[in-house]
Amino acid sequence: MIDSLHGEVLSIGLDHAVIECSGVGYRFLAAPSTLGRLARGERSRVLTSMVVKDDGVTLYGFADAESRQMFHKLQTVSGLGPKLALAALSVFEPGQLSAHIAAGDAKAIQTIPGVGKKMAERIALELKDKVDPFTAAADTSAAPGPSGTAAGGSFASEQVVEALVGLGFQERTARPVVDALVAAEPGESASALLRRALSQLGKK
């Protein structure tokens with residue numbers, strides 16, 4: 001079991017990063033909020049969760065214990081796997097998601113990509129008594145996007161569209177949303193742009 005990684009950040013993508021530990025590069029998937037706190041060439045520590053399946057082993061990275069705890073809690077919901085749990089953390093901070101769950105706000109939960117009405121209701125029902133009451137009291141307003149490389153121009157747009165396609169969205173659906181967000185906030189970071197795009201696409 002790999003519980004955490006501590007070393008030099010070799011590379012950062014829109015949905016993953018690589019940290020070198022004792023000469024070995026470990027690739028992990030992470031939400032924009034976690035990736036936005038990393039900087040290539042600098043030493044960082046991330047908490048991890050290792051998921052083992054028949055088709056391989058995948059590492060998921062987290063900036064704090066609360067995010068990892070929510071990642072694990074989400075997977076206790078029947079039919080909800082690690083990719084969907086990560087998608088939830090790409091749209092909401094743990095405190096925001098806890099607040100929506102505690103309030104039984106299935107409509108807000110449904111904005112998570114891949115979460116339909118039935119799944120949203122299931123999340124609210126099965127986790128309502130499991131969320132931390134202190135965390136659930138967190139402000140549910142939109143959190144500021146994480147810092148990162150400025151998303152200016154078509155290159156950043158292509159990166160975000162590519163990441164969304166990798167998450168299962170059709171390019172013809174994702175591209176107009178990304179283009180509109182870039183036009184509205186041309187100086188927004190790539191990771192923040194991805195988060196907002198996920199939020200918008202989740203409402204469709």
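Q: Which residues line the largest cavity?
A: In this predicted model, the lining of the largest cavity is made up of A31, S33, T34, F62, S67, L89, F92, E93 and P94. A cavity here is a set of points, on a 1 Å grid over the protein atoms alone, where a 1.4 Å probe fits but cannot get out, and lining residues have an atom within 4 Å of a point.

Q: How is that lining split by class?
A: Five of the residues lining the largest cavity are nonpolar, three are polar and one is charged, where Ala, Val, Leu, Ile, Met, Phe, Trp, Tyr, Cys and Pro count as nonpolar, Asp, Glu, Lys and Arg as charged, and the others, Gly among them, as polar.

Q: And where does the largest cavity lie?
A: Both domain 1 (4-62) and domain 2 (65-127) give residues to its lining, so the largest cavity lies between them; the domain bounds come from an automatic or database domain assignment.

Q: How much space is in there?
A: The largest cavity holds about 40 Å³, a volume being the space filled by probe spheres set on the grid points, which are joined across faces, edges and corners.

Q: What lines the second largest cavity?
A: Its lining consists of L74, L80, L84, A85, A88, L97, I109, I112, V115 and I123, which by class gives 10 nonpolar, no polar and no charged residues. Helix α3 (residues 82-91) supplies the largest share, three residues, helices being DSSP runs (H or I, at least four residues) and strands likewise (E, at least two), numbered from the N terminus.

Q: Switching topic, how many salt bridges are there?
A: A search of the whole structure finds three, with a salt bridge taken as a side-chain nitrogen of Lys or Arg within 4 Å of a carboxyl oxygen of Asp or Glu. In one of them R68 pairs with D3, with 3.1 Å between the closest N and O atoms. That pair links distant parts of the chain, 65 residues apart, since R68 is in helix α2 (residues 65-74) and D3 in the segment before β1 (4-12).

Q: Is R68 buried or exposed?
A: R68 counts as buried because its relative accessibility is 15%, whereas D3, at 44%, counts as partly exposed; buried means under 20% relative accessible area, exposed over 50% and partly exposed in between, with a 1.4 Å probe and protein chains only.

Q: What about E171 and R175?
A: Their side chains meet in a salt bridge of 2.5 Å, N to O, and both residues lie in helix α9 (residues 171-184), four residues apart, about one turn of the helix.

Q: What should I keep in mind about numbering and cut-offs?
A: Residues are numbered from 1 along each chain as its sequence is written, and side-chain values use heavy atoms, with hydrogens and water left out. Because the model is predicted, local features need pLDDT of at least 70 and side-chain atom pairs count only at pLDDT 80 or more, while totals for chains, interfaces and linings use all residues.

Note on methods
On a 1 Å grid over the protein atoms alone, a cavity is a set of points where a 1.4 Å probe fits but cannot get out, and a pocket is an open set with protein on both sides within 12 Å along at least five of seven lines; lining residues have an atom within 4 Å of a point.
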